[in-house]
Amino acid sequence: MQVYLPIAEMSVDALLLLGIGFGVGWLSGLFGVGGGFLLTPLLILIGIPAPVAVASGANQTLGASVSGLIAQWRRGNVDWRMGLVLVVGGFTGSALGVQFFVLLRRIGQVDLVVALFYIVVLGIVGALMVMESVRAMLRRRRAAPARLHEHTWLHGLPFKMRFRKSRLYISVIPPLLVGAGIGILSAVMGVGGGFMLVPAMIYILGMPTSVVIGTSLFQVVFVSANVTLLQALQTGAVDIVLVLLLLAGGVAGAQFGAAMGTRLRGEETRALLGLLVLAVAANLLWGLVTPPPSPFVIAPLP
Amino acid sequence: MRRAAARLAAVLLGAWLAAPAGAQPPPAPARAVPALVTELSQRRVEITTGFTGADILVFGSTERPIGEGSDEVLVVAVGPPQPMVVRRKVRLLGFWVNGPAATFPEVPGFYAIAGTRPAWQMLPEEARQSNRLGLDALPLRAVGAQGPAFRAALLELKKDAGLWVEDVAPVAVTGGRLFHARLPLPATVTPGAYRVEALLVRDRRIVARQELEFDVVRVGAAAGIANVADRRPMLYGMACIALAALAGWLGSVLFRRS
């Protein structure tokens with residue numbers, strides 16, 4: 001069944017979009033991440049123009065994260081204070097990111113820069129995840145005692161604030177910077193950034209894992225809402241028909257994935273997710289280095 | 001289809017009534033028939049949420065029998081102009097990146113030509129070029145990077161997208177006088193006013209032409225969404241946020257498995 005996407009100005013098979021939504025939602029439920037990092041490249045792969053894929057990806061991430069946020073909030077796993085600090089950073093970062101995106105669109109390098117961002121970020125995150133989970137699996141055998149969190153120079157900065165739920169008393173500068181960084185990536189890559197935010201919260205900020213997922217979802221919901229609004233205003237590339245079709249498949253898939261995820265062990269899940277992330281990065285890299293089917297590309301003048 | 005046939009009849013009747021009756025000694029009824037009569041199967045193509053492209057039928061008849069050496073027919077359709085950028089991919093540090101670009105400020109978004117024979121066989125080269133009959137006769141001026149390769153790439157990619165169509169199927173002739181041609185509009189056509197021209201060629205000269213128009217318009221939900229997104233981006237952005245959040249919440253309620 002073909003459906004016409006009014007902003008992308010093309011018609012796509014609705015079942016294909018529902019299927020992509022379901023698959024990505026299933027994986028995101030399984031691994032507890034938004035799945036935007038898989039969605040945007042897949043959309044570009046099926047021929048959706050990169051600006052529309054990125055802008056709509058951010059909007060889809062918003063919808064996909066809302067249900068997760070509600071569930072975490074019910075269980076009291078959201079550190080509001082930390083979330084707000086992250087959101088303040090995130091708003092600044094995403095505003096900068098959207099400006100950067102507009103500039104890229106004008107000089108015609110959206111596809112390249114989006115792909116490069118994906119390759120670099122996914123490559124690093126994927127490699128770290130795999131390494132970390134392998135180390136954790138080895139450590140489990142030896143059962144070494146672990147500290148609450150590592151203290152680094154980041155914790156010695158001024159403007160300290162108490163985050164009761166996270167059991168932290170740290171400077172607001174690191175969370176602000178983390179939030180801003182994720183905001184930029186969110187605008188350029190059309191992702192929520194959960195897969196980067198979660199490790200950053202654990203390893204840089206030293207937050208306990210119990211509140212990390214809920215708090216990251218909080219940040220993702222608000223920042224992706226901000227990106228959606230800014231993209232609608234600046235590039236007009238948010239396609240709501242595309243978003244709703246993806247969400248229809250996605251929310252169903254996420255529930256099945258989440259049910260399955262509870263049966264998997266933490267380290268194994270993270271190793272699998274890391275491998276998946278690396279595979280996406282490798283695929284995009286392959287697309288950039290192989291000769292293109294046509295030496296030219298055409299596009300309407302933005 | 002029936003409406004279009006009725007319109008054709010009306011056109012024929014109108015032409016017959018409008019023929020100069022009193023000016024000259026009454027001409028024979030056959031002479032009152034214009035050399036070329038053409039009509040379109042529809043004057044409006046609607047882009048709905050289920051739009052997958054459309055076929056427009058151009059049909060008509062000629063005064064004399066159609067055939068090589070006698071009357072021949074050419075049909076040309078041109079869509080609204082659109083500025084396009086053509087970029088060459090260059091290799092940079094092992095990556096394929098967008099390199100030099102040429103901007104074509106005035107490019108028809110859609111172009112289709114069909115004839116009982118290809119235009120270059122029917123008409124002298126100068127006539128074909130000056131009347132812009134054929135993809136190689138389109139006046140495509142580039143700003144920025146120059147070179148024939150950019151123009152060739154534009155032609156090639158537009159053809160691949162089905163937006164520029166040249167002599168894919170000849171104009172079909174029935175019973176010697178009735179002709180019809182199909183204009184295939186792909187799902188990616190831009191909304192706007194489209195101009196269709198039918199030309200009658202006799203002895204390698206254009207002896208009659210008739211211009212028709214049809215509109216490609218977005219309707220229904222597709223039109224509403226595109227309009228709001230274009231004119232009220234703030235409202236549209238807010239609505240996107242609200243709808244996505246609602247869909248996410250609704251989904252978690254419907255599909256909860258606990």
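Start with A:Phe296, whose bridge partner in S5(B) is B:Arg88. Before going on, this is a predicted model, in which local features need pLDDT of at least 70, side-chain atom pairs count only at pLDDT 80 or more, and totals for chains, interfaces and linings use all residues. Residues are numbered from 1 along each chain as its sequence is written, and chains are lettered from A and ligands numbered from 1 in the order in which they are written.

Back to that pair. S5(A) and strand S5 of chain B, residues 81-92, pair in the antiparallel sense over five bridges. Strands here are DSSP runs of E, at least two residues, and helices are runs of H or I, at least four, numbered from the N terminus. Two strands pair if DSSP finds at least two bridges between them.

The pairing belongs to an open, antiparallel sheet of four strands, ordered S5(A)-S5(B)-S6(B)-S8(B). Its edge strands, each pairing on one side only, are S5 (296-300) of chain A and S8 (143-144) of chain B.

Chain B also has an open sheet of six strands with mixed pairing, in the order S2-S13-S12-S4-S7-S9. One example is B:Val78, whose bridge partner in S12(B) is B:Arg195.

Now the helices. Helix H8 of chain A (residues 209-234) packs against helix H7 of chain B (residues 233-254) at an angle of about 150°, with the axes 8 Å apart. Axes are lines fitted to C-alpha atoms, for helices over the stretch in contact, and angles run from 0 to 180 degrees between N-to-C directions. H8(A) and H7(B) are therefore roughly antiparallel, a term for angles over 145 degrees.

Which residues of H8(A) meet H7(B)? They are A:Ala225, A:Thr228, A:Leu229, A:Ala232 and A:Leu233, and among their partners in H7(B) are B:Pro233, B:Tyr236 and B:Ile241. Contact means C-beta atoms, placed from the backbone, within 7 Å.

Last, chain A as a whole. The secondary structure of chain A comes to 10 helices and five strands. Along its principal axes, the C-alpha trace of chain A spans about 55 × 40 × 40 Å.

How values were computed:
Parallel < 35°, antiparallel > 145°, perpendicular 65-115°, else oblique. Contact = placed C-beta atoms within 7 Å.
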